[in-house]
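Subject: Structure handover

Hi,

Here is the structure we talked about. Please load it first, then read the notes below.

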Amino acid sequence: MALRGLLRLGEVAIRVLDMAAAREHYGRRLGLHEVMQGEGGRVYYKAWDEHDHHCLVLREADSAGMDYFAFKVYDDATLTELAPKIEAFGLKVEHIAAGVYPYSGRRLQFRLPSGHLMQLYAHKEQIGNTLGTRNPGVMPDEGVIRGFRINRLDHCLLGGPNIDQNARLFREVFEFDLSERLIDVDSEASLALFLSCSTKPHDVAFVLQPEEARFHHVSFLLESTYDVIHAADLIGKYRIPVDVGPNRHGVTRGATIYFFDPSGNRNEVFSGGYVHYPDTPTLTWDTSELGAATFAQDNIPRESFLTVLT
Ligand code: M3P
Ligand code: FE
């Protein structure tokens with residue numbers, strides 16, 4: 001399968017309570033690169049190995065959580081093709097002109113059955129990863145890889161109702177695969193659904209929550225499992241609140257650590273996981289193995305992990 005259609009999670013827009021504290025966290029601690037301050041005091045970041053201008057947008061507000069998430073699609077024709085399909089699925093599509101979002105081409109915006117605001121865009125200015133594109137070498141200059149040594153934005157996990165309808169949209173309209181699911185052992189109702197448009201175990205996931213548009217975590221990819229330990233050491237040094245210390249997910253098999261930004265938004269850094277292909281069967285976990293599904297090194301489900309969202 002050539003990767004076309006939706007390519008990847010390209011942008012997450014997060015609300016923070018105090019921008020100075022958030023810049024300390026995302027810039028100085030995580031080591032993301034601040035590329036711009038924009039309208040409304042928004043601050044824009046990229047991870048070092050991304051080519052696009054930014055992947056994270058922070059906005060100061062009275063409540064934490066997520067404003068929207070956006071997937072980059074292959075080209076403008078993909079947006080043209082998808083708009084009527086999203087409408088036919090039953091969602092109203094808003095067309096946002098190029099330039100309204102900085103360094104970005106036009107966007108489609110719609111609200112998912114779970115209440116989350118989602119956008120699609122085909123173009124964002126590429127500023128590169130500092131290595132160039134001809135004989136790029138492998139090592140950027142000193143200071144480019146820093147902090148938690150984050151390579152790139154990877155996925156987000158979002159909480160809300162109607163997650164089966166979300167998954168139907170992603171599978172039928174966006175051509176994602178359902179890589180894994182967590183179901184109630186008695187009722188078989190979906191509790192968490194993991195969706196992939198690539199060879200990653202997931203590009204986005206949804207967890208069942210009664211309230212609409214909740215934010216569980218945004219996750220960034222690290223190079224190695226040792227880098228998860230390195231991040232954990234920095235989390236300890238700088239007294240960053242930990243949700244779940246280094247462990248491995250049963251779902252996706254990633255080596256992970258969860259922590260909170262100063263506004264209470266959950267972050268994850270992780271490494272690894274298996275390779276997913278379109279013919280990989282969907283893996284099902286049920287609540288009789290909730291501990292093993294979530295944290296496979298001790299098989300203990302964490303109350304906070306299941307209940308704390310912004
Ligand atoms: C991840 C991941 C749950 C598992 C979540 C997994 C909610 O966040 O990155 O693999 O059971
Ligand atoms: Fe995750």
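Start with strand β1, residues 6–16. β1 runs antiparallel to strand β5 (residues 65–73), and 8 bridges join the two. One pair to look at is isoleucine 14, whose bridge partner in β5 is methionine 66. Keep in mind that this is a predicted model.

β1 also pairs with strand β4 (residues 56–60). That pairing is parallel and has 5 bridges. Here arginine 15 is bridged to arginine 59 of β4. β1 is mostly covered, with 9 of its 11 residues buried.

Next, the open sheet. It has 9 strands, in the order β14-β15-β16-β13-β9-β12-β11-β10-β17, and the pairing is mixed. β14 (242–248) and β17 (283–286) are the edge strands. Each has a single partner strand, so one side of each lacks a neighbour in the sheet. From one strand to the next, the twist averages 15°.

Inside this sheet, strand β9 (residues 150–160) pairs with strand β12 (residues 204–208). The two are parallel, with 5 bridges. Leucine 158 has phenylalanine 206 as its bridge partner in β12.

Two helices belong with this sheet. Helix α3 (residues 163–173) packs on it and touches β9, β10 (177–183), β11 (190–196) and β12. The direction of α3 makes about 15° with that of β11. Helix α4 (residues 225–237) lies across β13 (214–222), β14, β15 (255–260) and β16. α4 runs at about 25° to β15.

Now the ligand. Which residues are closest to ligand 1? They are His249, Val251, Thr252, Gly254 and Thr294, out of 13 residues that surround ligand 1. By class, the shell has 7 nonpolar, 5 polar and 1 charged residues. β16 (266–271) and α5 (290–294) each supply at least two residues of that shell.

Last, the annotation. An unreviewed UniProt entry places the feature "domain: VOC" at residues 8–123 and 152–272. In the model, residues 8–123 are 22% helix and 39% strand, with the end C-alpha atoms 13 Å apart. Residues 152–272 are 20% helix and 46% strand, and here too the end C-alpha atoms are 13 Å apart.

Best wishes

Notes
Residues are numbered from 1 along each chain as its sequence is written. Chains are lettered from A and ligands numbered from 1 in the order in which they are written. This is a predicted model: local features need pLDDT of at least 70, side-chain atom pairs count only at pLDDT 80 or more; totals for chains, interfaces and linings use all residues. A residue is near a molecule or strand if its C-beta atom, placed from the backbone, lies within 6 Å of it. Helices (H or I, at least four residues) and strands (E, at least two) are DSSP runs, numbered from the N terminus. Ala, Val, Leu, Ile, Met, Phe, Trp, Tyr, Cys and Pro count as nonpolar, Asp, Glu, Lys and Arg as charged, and the others, Gly among them, as polar. UniProt positions are given in the numbering used here, feature names are shortened, and annotations may be inferred rather than shown by experiment. A residue is buried if 20 or more other C-beta atoms lie within 10 Å of its own, exposed if 12 or fewer, and partly exposed in between; C-beta atoms are placed from the backbone. Two strands pair if DSSP finds at least two bridges between them. Axes are lines fitted to C-alpha atoms, for helices over the stretch in contact, and angles run from 0 to 180 degrees between N-to-C directions. Two residues are in contact if their C-beta atoms, placed from the backbone, lie within 7 Å.
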